Structures are given as C-alpha cells and as structure tokens.
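Got the sequence and the 3D view open? Let's take a quick tour, starting with one whole chain and then zooming in on a few residues.

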Amino acid sequence: MSFLSLQNISKRYDGLPAVADLSLDVEQKEFFGLLGPSGCGKTTTLRMIAGLETPDIGTIRFDGRDITQLSPERRGFGMVFQNYALFPHLNVFENVAFGLRARKRAKAEVAQRVDHALALVQLPGYERRPVTELSGGQQQRVAIARAIAIEPALLLFDEPLSNLDVALREETRGELRDLVKKLGLTAVYVTHDQEEAFALCDRISVMSEGRILQTGAPRELYEKPAVIRVARFLGRNNLIVARRLSSSDTAIGTFKTIQGEHTLEVPVERSKLGAINQNSTLAIRPEHIVLSKEASPSGPNILRANVREISFGGATTTIYLDAGGLSLEGLLLRSDGLNIDDSCTVHLPPAKLMVLGDDEGS
Amino acid sequence: MNRAESNPERESRNTPRSSVFRVPLDLIKRPSSLLVLLVVVVLVYGVVYPSLHLLTASVQVNAEWSLAAYRELFSNRAIVEAAVSSVLLSLLTVAFCALAGISLAFLFERYTFPARGIFATLAALPLVLPPLVGTIAFVLLCGESGILARFVMWLFGLKTSPWSLRGWPALLIFHTYTMYPFFYMLTAAGLRRVDAGLAEAGRSLGARPANVLFRIVLPQLTPSLIAAALLTFMTSMASFSAPLFFGGDVRVLTLEIFNARQRGDVAAALTQTVLLAVISLAALIFLQRYEGTRRFAAAAMKGATARRRPIKSGKARALATASAIVFAIVLALPVFTLVLVSFAKDGSWTTQTLPPAYTLSNYGRILTQADASSVFVNSLIMAGLAALFAFVWSFCVAAVVGRKRTRWKRLLSLLVILPWALPGTVVAVSIAEAYGQTNPLTGSFILIGTFWILPVVYFLRFMPLVVRAVQASIEQMDASLEEAAGSLGASAFARFWRVRLPLVWPGAVAGTLLAFVIALGEYVASVLVFVPSNQPVSIKIAAEMRDFNLGTAAAYGVLLVVLISAAMLLAGRLERKREWPSGIGG
C-alpha cells in the first residue's frame with residue numbers, strides 16, 4: 001500500500017465532471033507532480049487530497065487510513081496556495097505560528113519552530129513585519145514557512161510559483177526542491193508549467209479533462225509519451241500520421257506517411273501494434289531530426305526536404321521543413337548555413353521515432 | 001468518520017443540490033442547524049408572518065373574507081388621490097434629483113476650478129440630517145415665518161410673508177435637497193470608474209463631445225443611475241415628516257395611513273399599507289430587472305480613469321467657482337439654521353429676522369435634566385439594542401447564507417432585505433397588527449404597548465444595512481484564507497474567531513454604527529407605534545416643534561446630527577480599513 005493513494009476518484013461540479021475515475025499513488029518522501037492545462041482537474045484533485053473538497057465517488061487513503069471524509073483541519077497536511085492566502089491582519093510571525101497555535105503548542109515551542117521555519121525559507125528577522133508589506137517572493141516564502149511549521153505529514157502546493165516573475169520563479173524552484181528533500185517531506189505539486197514540473201518532481205502525472213493520461217519520471221514522459229496528448233503537451237513534437245505496412249511479428253515496423261508517402265522504419269512494441277493498413281501517429285522531437293545539406297542515397301527514414309522558414313531563437317534555431325507535403329520542424333544549435341528555399345536531406349533516426357497510442361488508452 | 005465541521009460554505013460546494021426542498025433538510029442534519037433554525041424563526045416571526053398577517057387582515061371584515069375594504073379603497077377618491085400623489089411626488093423627486101445630482105456630479109467630478117473642493121466636501125451633507133430634523137431645519141429656514149422669508153420682508157419692508165411654502169413646491173424643494181446626494185454620489189463614483197480610454201477612442205473615431213457623452217459615457221453610467229433612481233424613489237415613497245409638516249393639501253399614502261390609524265380606522269390603514277407596500281416593491285422589482293440587463297462587466301476591463309480637467313475659459317471658470325460657492329452655501333444653510341436656532345431662547349423669536357436672544361440652556365436642559373434627557377436615553381437604549389442584535393444577527397445570516405447562492409438561500413436573502421425595501425410605515429403597521437394580540441394558533445404574542453416594540457421595529461428596519469455590510473466584507477475576503485486556516489488545523493470555531501471575525505469586523509462595525517445612528521433619529525415608524533412611557537427623541541422633537549419650543553427642538557436635532565456625523569466619519573474610516581492593502585498575491 002502506497003503512502004498516499006487515490007482510488008477511483010470522481011468529482012462533478014454542477015453536473016460537469018471535474019475529475020473522472022482517477023487513481024494515483026504517491027510514495028513516501030516522493031516529490032509528486034500533477035501537470036496539465038488549466039481546467040484539467042489537477043487543482044480539484046489536490047483540493048480533495050487536502051480535504052477542501054469531498055469526492056463524489058472513490059476513496060483517498062493516507063498511511064493506511066481512509067481519510068476521504070476527514071475534515072482538512074484533522075489531516076495535518078500543509079498547503080501552499082496559489083495566491084498564498086496569507087492572513088492580512090496578522091504579521092509574519094503570527095501567520096507562521098497560526099497552525100501551531102491551532103494545535104495549542106506551548107509558547108516557547110511555537111517561537112522556536114517559527115524561528116526555525118523562517119530560517120529555512122531564509123526570512124529570519126522578518127517576524128514583526130506585516131505580510132502586506134512584503135514583496136511577492138517574500139510572501140511566497142512566508143506561505144511555505146507557514147505550511148512546513150506544522151511539520152506536515154504531506155505538503156501540498158497549488159501552483160505556488162505562478163505569481164512570481166520568471167527569474168524569481170527559477171530561483172525559488174531550486175530552493176523549494178532542496179527544502180522538501182532536506183526535510184524528508186512528501187509533496188504533491190500542481191502546475192501547468194512543464195519545465196517547472198520537470199525540474200521539481202520525481203514523478204509526474206499528466207492530466208487532461210479530469211483523467212490521468214500518463215504517470216512517470218520526467219525523462220520517461222518526455223522521451224516516451226504514451227499518447228498523442230502527452231506528446232503535444234510536453235514540449236514540441238513532430239506528429240506524423242502514417243499507415244502501417246509490415247506484418248505484426250517483426251520488431252521493426254514499416255510505415256508509409258500519409259503526407260509525402262515516405263517510408264519510415266520504427267521499432268515497435270507488440271502491445272502498441274495497430275492493425276495493418278490502419279493509421280497511427282508517429283512522433284519525433286525536433287531536436288532529434290538530423291539535417292544535412294548534402295544529398296545522400298535514398299532509403300527508409302531519409303527524406304528530401306525544402307527549408308520553408310528559419311526562426312532564430314537565441315541558443316537554438318528552429319528550421320521549418322517541407323518534405324514533399326509533410327511538414328516537419330527541426331531544432332538545431334546552429335543553422336549550419338541553411339537558407340530559406342535550400343533543399344536538404346532529413347534523417348529521422350529509427351530509435352528516436354515513437355508510435356503513440358490514441359488518447360483513450362494508456 | 002463523519003465530517004465534524006459546520007462551515008456552510010464548504011457544505012454548499014460539496015453536496016450536490018438538485019432540489020430546493022432537500023437543502024433545508026440537509027442543513028438541519030449539520031451541527032449548524034441551531035443557527036439555521038434561529039435565522040428561519042426570526043425571519044418567519046419578523047418578516048413572513050407580519051407580511052402575511054397584513055395581507056390576510058386587509059381582506060377580512062369582522063373575521064370574514066371580504067374585499068370590501070379594497071372596494072372602499074378604490075372608490076374612495078381621497079385614497080386614490082393619495083396613491084397617485086405619492087407616486088407622482090416620487091417620480092418628480094427622481095427627475096429633480098437626477099437633474100441636480102447628475103449635472104453637479106459631471107461639473108465637480110470632471111473639472112477642476114477654484115472652490116471646487118468646498119462643494120465636493122459638503123456634497124453629502126444632507127445625508128447626515130434625519131428626515132425629521134431636516135424637515136424642521138427647512139421649516140425654520142424657508143417656512144413662511146422662517147429666516148429667509150423674514151429677511152425678504154425686512155429687505156423690502158413687506159408686512160406679510162412673501163411666500164407660504166406649503167404643498168408641492170415645498171415638498172419638491174425639500175426632497176431634492178435631501179435626496180440629490182444619491183444621484184450625485186453614485187454618478188460621481190460611476191464617473192470615476194468609467195474608462196477614459198473609451199471616451200478617447202470615441203473621439204478618435206470621429207464622435208463629437210456630445211456624442212461621446214450620450215453614446216459612450218452615459219450608457220456606462222446606467223447601473224449607477226438606476227441604483228440612484230431606485231434609492232430616491234423608495235426614499236420619497238417612504239417620506240413622512242415633510243408631508244406632515246408642510247405638505248399642505250398634498251395627500252400622500254404615508255400620511256393617510258398615519259391619519260387613518262389616529263382616527264381608529266383600522267381597515268383603511270391596512271389596505272393603504274398594502275397599497276404602499278405593493279407600489280414600493282413593484283418599483284424595486286421593475287428597476288432591478290432593468291438593471292440586470294444593463295450591467296457592464298466594468299471590473300473585467302482595464303483602463304485609466306479620467307483625470308479632472310481644468311476649465312480653460314475664464315468666464316466659465318468664474319461661473320463654475322461662483323456656482324460651487326452658491327451651492328455650498330445652499331447645502332450648509334439648513335444646518336447653520338439648525339445650529340443657530342438651537343441656541344435661541346424658546347419663545348423669544350417672534351417677528352425678528354434672526355432669533356434675538358441666545359442661551360446655552362437648551363443644551364443644558366437636554367444634557368442635565370431628567371425629563372428632557374430621558375428621551376435621548378430611551379432612544380440610545382432602543383437603537384443600541386437594535387444595533388447590537390443586528391450585529392450578531394448579520395453574522396448568523398452570513399454563516400447560513402454563505403458564499404454560494406442556492407435558490408432557497410436567495411429567498412432567505414430576499415426576506416432579509418425586504419424590511420429595508422419597504423417604507424418604515426409599512427413595517428411599523430405590519431408589526432403592530434401582527435403583534436397586537438396573542439394568538440396561540442400562530443404563536444403570536446403582544447408587542448404593541450410594550451418596551452420591545454420599537455427595538456424590534458428598529459432591528460427589522462435597519463438590520464439589512466448591517467447584513468449587507470457583513471456580506472460585502474465576506475465577499476471581498478479571499479475564500480482561500482479560511483481554507484488555509486483549515487488546512488493548518490484550525491477548527492470551525494477557530495476559523496470564525498481568528499480569521500473571519502478579524503477580517504470582517506471593520507465592515508460589520510461600520511454597518512452597525514450606521515444602523516445605530518439612523519435608528520436613533522427614526523420618526524416614521526416610531527410615531528405609529530411608540531409607547532408614551534418610553535418616547536424616543538424624534539417624538540419629543542416633533543412635540544417641541546408643535547409647542548413652538550423651537551430652540552429645544554433644534555438642540556435635539558443638532559445633537560442627533562453631531563452623533564450621526566461622528567458615526568459616519570468613523571464608519572468611513574473603518575470601511576477604508578476594511579480594504580486590506582492588496583499586496584497579497586499580486
């Protein structure tokens with residue numbers, strides 16, 4: 001049994017499903033992410049874990065106990081809200097001490113633990129300041145200190161960095177992971193920012209329309225997206241619709257693209273085999289496409305293409321290609337002397353090509 | 001285990017609510033059921049039962065169902081005339097106030113010129129005058145033997161008063177003076193919200209200034225103007241002191257109801273009360289429905305407010321400055337008159353322009369002598385009780401209604417607001433009728449003739465003010481604050497005591513203060529149901545006026561005005577405090 005376990009959770013608002021038959025497991029000391037576009041149900045899921053919402057169907061178990069109906073104040077989870085939810089009528093010390101005082105801890109212990117929490121978020125000396133006078137980043141730290149001061153059994157984050165500017169967000173991100181790991185806490189982190197989730201989390205569930213599409217470590221999700229929507233959501237991807245030609249017994253599948261009628265060879269797992277002559281979707285990351293100006297002998301996975309557009313993006317350059325009707329984009333560190341309307345050779349390495357499942361299965 | 005928590009907000013979000021009838025059952029199962037029971041019982045006894053009783057009593061003659069009273073009502077020309085006069089007076093009042101209030105707001109909100117500030121600070125002055133006190137100040141200043149008339153007589157050596165200010169013109173002038181602030185303040189606030197960029201866009205698209213005004217600025221002000229029209233209409237329908245003192249032959253419903261009760265003609269009083277209530281409610285519903293169709297999502301739009309522009313033309317600037325000074329004097333004169341007369345020796349002022357002899361004894365008597373100060377103490381106690389109950393009550397209502405509005409909660413809110421929408425005359429008559437005798441069948445008991453009748457009427461009349469203040473504060477409060485407190489381990493009680501109350505109390509106290517001072521000077525309802533042994537100060541003021549103890553009457557009035565101004569200043573300060581610096585969460 002996992003540390004935190006959600007089993008077949010469903011939740012509707014005014015008849016519309018917000019979360020549909022969702023199950024997930026979080027292990028102890030894991031930094032777990034819920035990633036998805038807005039409205040995908042990730043915040044609702046987090047709020048059900050916190051006890052701020054009750055699922056219509058399903059159970060939530062924590063450390064072996066059924067906590068589905070337990071009120072939030074009895075769960076002992078710390079939560080960091082998107083807008084921080086700092087009490088405007090209390091100063092920094094009183095905000096951080098709030099949970100400890102609700103637990104009727106002795107005065108000396110409260111003072112000592114507040115000091116400790118503020119030291120951890122690098123805000124010592126701010127005790128008497130009104131929270132309304134702090135900067136966004138400082139308010140953020142107070143919110144985190146308030147959540148960790150109660151030594152939470154589980155730490156919940158609802159897009160806590162989305163109100164910070166980019167530079168501060170990246171800085172806080174690193175500190176946050178260090179802090180959670182140093183304290184040995186288990187965390188569930190909700191975000192719509194893929195980069196943030198990748199940087200912070202040990203494992204991530206990608207959500208869409210109230211369901212989990214795929215759960216895995218960041219690298220696994222990035223390199224082996226199971227379904228089209230995950231591939232689309234996590235970074236840029238060339239999605240190629242192709243028809244399968246070879247019989248189903250081989251480890252290498254042969255496909256013919258619908259646009260351009262190129263032949264592509266892709267390693268396939270048996271479980272993902274579609275029927276012959278059915279359309280499937282192949283994916284390859286732009287950075288995995290190999291471009292050269294020289295003409296090379298034709299063969300599988302080698303395409304002739306024209307450069308349609310070149311977009312300079314600083315460290316990298318994106319090349320938009322047209323391979324006989326098939327649109328592709330490639331990401332290069334240097335544009336290698338390519339110009340618009342040049343023709344070139346495109347190599348799609350078989351190891352980097354993936355066959356995606358449809359969105360329903362995973 | 002079951003959720004041992006009583007926060008109704010969360011309940012409402014969690015429980016799927018399909019049927020109107022399931023909800024109360026739901027709530028009764030919760031620990032908060034006592035609170036729900038309390039709110040429902042108070043509303044049933046305070047609002048529902050008196051209203052229904054009023055309706056049924058008006059269609060009964062000698063305990064039999066009959067529409068005779070209504071037949072009589074509509075065949076009695078005097079009463080029909082009263083209803084028509086009431087409506088006509090209110091419509092004309094709205095028109096005059098709109099004209100004065102809107103044009104003044106445009107002048108003083110959009111332009112700067114010398115002396116602008118003098119008027120702008122005095123603009124709301126009429127609001128600190130309770131209707132009765134405003135009425136006597138107006139009589140003392142503009143009446144046929146008031147200071148202005150005497151001054152004109154002295155100036156031109158006239159033998160008789162140049163005017164007798166009674167009837168329609170007097171009522172309209174007085175109503176415009178006391179009610180124009182609704183239009184002025186709401187229009188000014190609306191203008192401050194109107195995005196200057198939209199007007200500029202209109203100009204850049206080729207619209208002339210007049211076009212911009214009528215096609216861009218005014219349509220955006222519509223919600224403010226409707227709110228102002230509604231407030232003015234309802235206040236005017238409820239107006240009683242002015243028709244009583246200088247209405248002349250103008251018959252209005254509030255006065256007719258009072259007279260019918262004085263005569264002992266209960267049936268006529270009842271039917272006219274129903275008529276007054278129906279007209280007031282119809283206006284409320286009509287205007288609110290219209291308002292609903294014209295509301296703009298102004299908050300969702302970004303943009304800059306227009307800065308006040310200086311007036312360039314010298315002549316126009318001189319004119320504006322002169323008008324600011326004249327209007328400021330007009331606004332201040334009734335209050336000056338009141339203060340001046342409050343120092344006049346009773347009975348000394350006969351034919352002189354200004355009172356000839358001055359004394360401090362009016363105040364001295366009110367503050368030291370038991371018979372004179374007792375009415376003040378009575379009013380303080382009764383208004384204080386009403387305000388205290390309203391304060392506690394508003395939190396009960398807020399807890400039961402919560403943030404999310406379901407159908408039955410909207411009904412509940414409507415019942416809470418109802419006594420505020422109804423004229424004071426209607427509330428007083430319905431309570432007096434419902435609680436004039438014991439009736440074991442309906443659980444009715446006797447209130448009339450007891451000490452409690454006025455505190456109860458004050459409470460019902462003014463608790464909507466407090467409820468609205470508390471609800472506004474709660475709506476402004478970030479919902480995640482109470483959730484955060486919950487996740488930090490605070491119980492429902494601790495969440496209320498340590499988070500909601502500290503954040504909401506400035507607004508609640510501000511609302512309570514206003515309710516308290518308005519109840520302090522209440523006259524319309526008091527005059528219908530007061531107990532002679534426990535007179536409120538307003539009854540005493542009217543009596544002193546009738547006995548021509550003008551100085552004493554004015555001194556009472558000044559004391560009320562001072563208390564009301566102090567409370568309004570304090571309430572305004574608390575209201576500003578309520579808006580916590582919005583630094584949290586960007």
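This is a predicted model: local features need pLDDT of at least 70, side-chain atom pairs count only at pLDDT 80 or more; totals for chains, interfaces and linings use all residues.

**Chain A as a whole**
- Chain A has 362 residues, and 42% of them are buried.
- Take the contacts in chain A with a separation of 6 or more: 65% of them link residues 24 or more positions apart.

**Zooming in on A:Thr45**
- You'll find A:Thr45 in helix 1 of chain A, which covers residues 42-50.
- Is A:Thr45 buried or exposed? A:Thr45 counts as buried because 28 other C-beta atoms sit within 10 Å, and the cut-off for buried is 20 or more.
- Skip the residues up to four places away in sequence, and A:Thr45 touches A:Val19, A:Leu22 and A:Leu34.
- A:Ile240 is 195 residues from A:Thr45 along the chain, and the C-alpha atoms of the two are separated by 33 Å.

**The largest nonpolar core**
- The largest nonpolar core contains 268 residues.
- Which residues touch the most other members of this core? That would be B:Ala390 and B:Val457.
- Now look around B:Val457: ignoring neighbours within four places in sequence, B:Val457 is in contact with B:Val427, B:Ala428, B:Ile431, B:Ala525 and B:Val529.

Definitions and conventions
Residues are numbered from 1 along each chain as its sequence is written. Chains are lettered from A and ligands numbered from 1 in the order in which they are written. A nonpolar core is a set of buried Ala, Val, Leu, Ile, Met, Phe, Trp, Tyr and Cys residues joined through C-beta atoms within 7 Å. A residue is buried if 20 or more other C-beta atoms lie within 10 Å of its own, exposed if 12 or fewer, and partly exposed in between; C-beta atoms are placed from the backbone. Two residues are in contact if their C-beta atoms, placed from the backbone, lie within 7 Å. Helices (H or I, at least four residues) and strands (E, at least two) are DSSP runs, numbered from the N terminus.
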